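Please take a guided tour of the model below, selecting residues in your viewer as each stop comes up.

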Amino acid sequence: MTAIFISIVGVLGTVMGAALTAFVAARTEQRRERSQDRVQLNELRVEHQRWRRERRQAAYLSFLEALGTADRDNQAFFRELRARSSPVPLDEARIAAIRLKFKDAESAGLVVILEGPETVAEAAQNLVDHLSSLVHGVGEYAEAATADSLGNGGDTVHEAGMRFIAERRAFLGLARDVLDEVAKHVQIVPEAQLRD
(Lines give C-alpha, C1' and ligand atoms only; values in the text may rest on other atoms or scores of the structure.)
Protein backbone atom coordinates (compact mmCIF):
# COMPACT_ATOMS: atom_id res chain seq x y z
CA MET A 1 0.00 0.00 0.00
CA THR A 2 2.82 2.34 0.76
CA ALA A 3 4.28 1.64 -2.63
CA ILE A 4 0.97 2.51 -4.31
CA PHE A 5 0.70 5.67 -2.22
CA ILE A 6 4.26 6.68 -3.13
CA SER A 7 3.52 5.96 -6.80
CA ILE A 8 0.36 8.09 -6.67
CA VAL A 9 2.22 10.92 -4.95
CA GLY A 10 5.00 10.62 -7.56
CA VAL A 11 2.52 10.70 -10.43
CA LEU A 12 0.66 13.66 -8.86
CA GLY A 13 3.98 15.45 -8.34
CA THR A 14 4.93 14.84 -11.95
CA VAL A 15 1.53 16.03 -13.17
CA MET A 16 1.67 19.12 -10.94
CA GLY A 17 5.24 19.81 -12.06
CA ALA A 18 4.22 19.53 -15.71
CA ALA A 19 1.18 21.76 -15.11
CA LEU A 20 3.33 24.33 -13.30
CA THR A 21 5.90 24.23 -16.09
CA ALA A 22 3.17 24.68 -18.71
CA PHE A 23 1.68 27.59 -16.73
CA VAL A 24 5.06 29.32 -16.37
CA ALA A 25 5.81 28.73 -20.07
CA ALA A 26 2.43 30.19 -21.07
CA ARG A 27 2.99 33.28 -18.89
CA THR A 28 6.46 33.73 -20.34
CA GLU A 29 5.10 33.43 -23.87
CA GLN A 30 2.36 35.99 -23.12
CA ARG A 31 4.95 38.43 -21.76
CA ARG A 32 7.16 37.89 -24.79
CA GLU A 33 4.21 38.50 -27.16
CA ARG A 34 3.16 41.67 -25.27
CA SER A 35 6.74 42.86 -25.41
CA GLN A 36 6.91 42.25 -29.16
CA ASP A 37 3.58 44.04 -29.62
CA ARG A 38 4.88 47.09 -27.73
CA VAL A 39 8.08 47.12 -29.79
CA GLN A 40 6.10 46.86 -33.04
CA LEU A 41 3.71 49.60 -31.93
CA ASN A 42 6.63 51.84 -31.03
CA GLU A 43 8.30 51.17 -34.38
CA LEU A 44 5.02 52.00 -36.12
CA ARG A 45 4.76 55.28 -34.20
CA VAL A 46 8.32 56.19 -35.06
CA GLU A 47 7.76 55.42 -38.75
CA HIS A 48 4.50 57.40 -38.83
CA GLN A 49 6.12 60.41 -37.19
CA ARG A 50 9.03 60.21 -39.60
CA TRP A 51 6.58 60.05 -42.55
CA ARG A 52 4.55 62.97 -41.18
CA ARG A 53 7.70 65.06 -40.66
CA GLU A 54 8.92 64.40 -44.21
CA ARG A 55 5.56 65.35 -45.72
CA ARG A 56 5.36 68.53 -43.67
CA GLN A 57 8.93 69.48 -44.45
CA ALA A 58 8.32 69.03 -48.19
CA ALA A 59 5.10 71.07 -48.02
CA TYR A 60 6.74 73.86 -46.01
CA LEU A 61 9.72 73.98 -48.35
CA SER A 62 7.56 74.04 -51.48
CA PHE A 63 5.47 76.83 -49.98
CA LEU A 64 8.50 78.92 -49.06
CA GLU A 65 10.03 78.43 -52.51
CA ALA A 66 6.81 79.51 -54.23
CA LEU A 67 6.51 82.52 -51.92
CA GLY A 68 10.13 83.44 -52.60
CA THR A 69 9.65 83.28 -56.36
CA ALA A 70 6.57 85.49 -56.28
CA ASP A 71 8.13 87.92 -53.81
CA ARG A 72 11.40 88.26 -55.75
CA ASP A 73 9.56 89.07 -58.99
CA ASN A 74 7.27 91.48 -57.18
CA GLN A 75 10.23 93.22 -55.52
CA ALA A 76 12.16 93.47 -58.80
CA PHE A 77 9.14 95.03 -60.50
CA PHE A 78 8.69 97.50 -57.64
CA ARG A 79 12.37 98.49 -57.72
CA GLU A 80 12.21 99.07 -61.47
CA LEU A 81 9.14 101.26 -61.05
CA ARG A 82 10.81 103.31 -58.31
CA ALA A 83 14.00 103.74 -60.35
CA ARG A 84 12.15 105.31 -63.29
CA SER A 85 11.88 109.06 -63.25
CA SER A 86 9.17 109.46 -65.86
CA PRO A 87 5.73 107.90 -66.31
CA VAL A 88 5.81 104.42 -67.79
CA PRO A 89 3.12 102.41 -69.54
CA LEU A 90 1.42 99.80 -67.40
CA ASP A 91 3.11 96.43 -67.87
CA GLU A 92 0.01 94.25 -67.57
CA ALA A 93 1.83 91.12 -68.72
CA ARG A 94 4.33 91.46 -65.90
CA ILE A 95 1.60 92.12 -63.34
CA ALA A 96 -0.26 89.04 -64.60
CA ALA A 97 2.91 86.92 -64.35
CA ILE A 98 3.45 88.05 -60.77
CA ARG A 99 -0.17 87.29 -59.90
CA LEU A 100 0.22 83.84 -61.44
CA LYS A 101 3.26 83.18 -59.26
CA PHE A 102 1.27 84.41 -56.29
CA LYS A 103 -1.46 81.89 -57.15
CA ASP A 104 1.19 79.14 -57.20
CA ALA A 105 2.31 80.24 -53.74
CA GLU A 106 -1.28 80.32 -52.57
CA SER A 107 -1.78 76.75 -53.83
CA ALA A 108 1.36 75.59 -52.03
CA GLY A 109 -0.01 77.33 -48.93
CA LEU A 110 -3.14 75.18 -49.13
CA VAL A 111 -0.97 72.06 -48.88
CA VAL A 112 0.67 73.52 -45.76
CA ILE A 113 -2.76 74.23 -44.31
CA LEU A 114 -3.76 70.60 -44.96
CA GLU A 115 -0.57 69.20 -43.44
CA GLY A 116 -0.91 71.41 -40.36
CA PRO A 117 -0.70 71.69 -37.48
CA GLU A 118 -3.11 74.53 -36.77
CA THR A 119 -0.44 77.04 -35.68
CA VAL A 120 1.54 76.58 -38.89
CA ALA A 121 -1.66 76.60 -40.98
CA GLU A 122 -2.64 79.98 -39.51
CA ALA A 123 0.86 81.35 -40.05
CA ALA A 124 0.79 80.13 -43.67
CA GLN A 125 -2.57 81.83 -44.27
CA ASN A 126 -1.25 85.06 -42.71
CA LEU A 127 1.77 84.88 -44.98
CA VAL A 128 -0.40 84.38 -48.06
CA ASP A 129 -2.59 87.31 -46.99
CA HIS A 130 0.43 89.58 -46.54
CA LEU A 131 1.90 88.59 -49.89
CA SER A 132 -1.49 89.24 -51.49
CA SER A 133 -1.60 92.76 -50.10
CA LEU A 134 2.00 93.30 -51.16
CA VAL A 135 1.32 92.16 -54.74
CA HIS A 136 -1.82 94.32 -54.79
CA GLY A 137 0.16 97.28 -53.46
CA VAL A 138 2.80 96.97 -56.18
CA GLY A 139 0.02 96.70 -58.77
CA GLU A 140 -1.53 99.94 -57.50
CA TYR A 141 1.90 101.56 -57.45
CA ALA A 142 2.39 100.51 -61.10
CA GLU A 143 -0.97 102.06 -62.03
CA ALA A 144 -0.01 105.25 -60.21
CA ALA A 145 3.34 105.27 -62.03
CA THR A 146 1.53 105.30 -65.37
CA ALA A 147 -0.46 108.33 -64.28
CA ASP A 148 2.60 109.98 -62.69
CA SER A 149 0.73 110.30 -59.38
CA LEU A 150 2.93 108.24 -57.09
CA GLY A 151 2.44 110.19 -53.88
CA ASN A 152 3.66 108.10 -50.94
CA GLY A 153 2.66 104.77 -52.51
CA GLY A 154 6.23 103.58 -52.36
CA ASP A 155 6.27 103.94 -48.58
CA THR A 156 3.04 101.97 -48.28
CA VAL A 157 4.46 99.15 -50.40
CA HIS A 158 7.69 99.21 -48.39
CA GLU A 159 5.74 98.90 -45.11
CA ALA A 160 3.73 96.00 -46.55
CA GLY A 161 7.01 94.36 -47.55
CA MET A 162 8.36 94.71 -44.02
CA ARG A 163 5.19 93.14 -42.59
CA PHE A 164 5.58 90.28 -45.08
CA ILE A 165 9.17 89.71 -43.94
CA ALA A 166 8.06 89.63 -40.30
CA GLU A 167 5.32 87.11 -41.11
CA ARG A 168 7.80 84.94 -43.01
CA ARG A 169 10.14 84.92 -40.00
CA ALA A 170 7.24 83.92 -37.75
CA PHE A 171 6.28 81.12 -40.15
CA LEU A 172 9.85 79.84 -40.30
CA GLY A 173 10.07 79.72 -36.50
CA LEU A 174 6.78 77.85 -36.16
CA ALA A 175 7.64 75.42 -38.95
CA ARG A 176 11.05 74.69 -37.44
CA ASP A 177 9.47 74.07 -34.02
CA VAL A 178 6.89 71.70 -35.50
CA LEU A 179 9.53 69.75 -37.40
CA ASP A 180 11.66 69.46 -34.25
CA GLU A 181 8.62 68.51 -32.16
CA VAL A 182 8.24 65.12 -33.84
CA ALA A 183 10.75 63.52 -31.48
CA LYS A 184 8.58 64.47 -28.49
CA HIS A 185 5.69 62.37 -29.81
CA VAL A 186 7.73 59.23 -30.24
CA GLN A 187 7.49 57.13 -27.10
CA ILE A 188 10.59 55.08 -26.54
CA VAL A 189 9.71 51.89 -24.69
CA PRO A 190 12.05 51.47 -21.69
CA GLU A 191 14.15 48.29 -21.71
CA ALA A 192 12.57 47.16 -18.43
CA GLN A 193 9.13 47.08 -20.11
CA LEU A 194 10.51 45.05 -22.98
CA ARG A 195 11.60 42.31 -20.54
CA ASP A 196 8.22 42.08 -18.75
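Select arginine 50 and glutamate 47, whose side chains meet in a salt bridge at 3.1 Å, N to O (a salt bridge being a side-chain nitrogen of Lys or Arg within 4 Å of a carboxyl oxygen of Asp or Glu). The two residues are three apart in helix 1, and therefore separated by about one helical turn; helices here are DSSP runs of H or I, at least four residues, numbered from the N terminus. Arginine 50 is partly exposed, with a relative accessible area of 43%, and glutamate 47 is likewise partly exposed, at 43% (buried means under 20% relative accessible area, exposed over 50%, partly exposed in between, with a 1.4 Å probe and protein chains only).

This is a predicted model, in which local features need pLDDT of at least 70 and side-chain atom pairs count only at pLDDT 80 or more, while totals for chains, interfaces and linings use all residues. Residues are numbered from 1 along each chain as its sequence is written, and side-chain values use heavy atoms, with hydrogens and water left out.

Next, select arginine 52 and glutamate 115, which form a salt bridge at 2.6 Å, N to O. This pair links distant parts of the chain, arginine 52 lying in helix 1 and glutamate 115 in helix 2 (residues 92-115), 63 residues apart. Arginine 52 is partly exposed at 23% relative accessibility, whereas glutamate 115 is buried at 9%.

Lysine 101 belongs to helix 2 and aspartate 73 to helix 1, so the pair ties together parts that are 28 residues apart in sequence.
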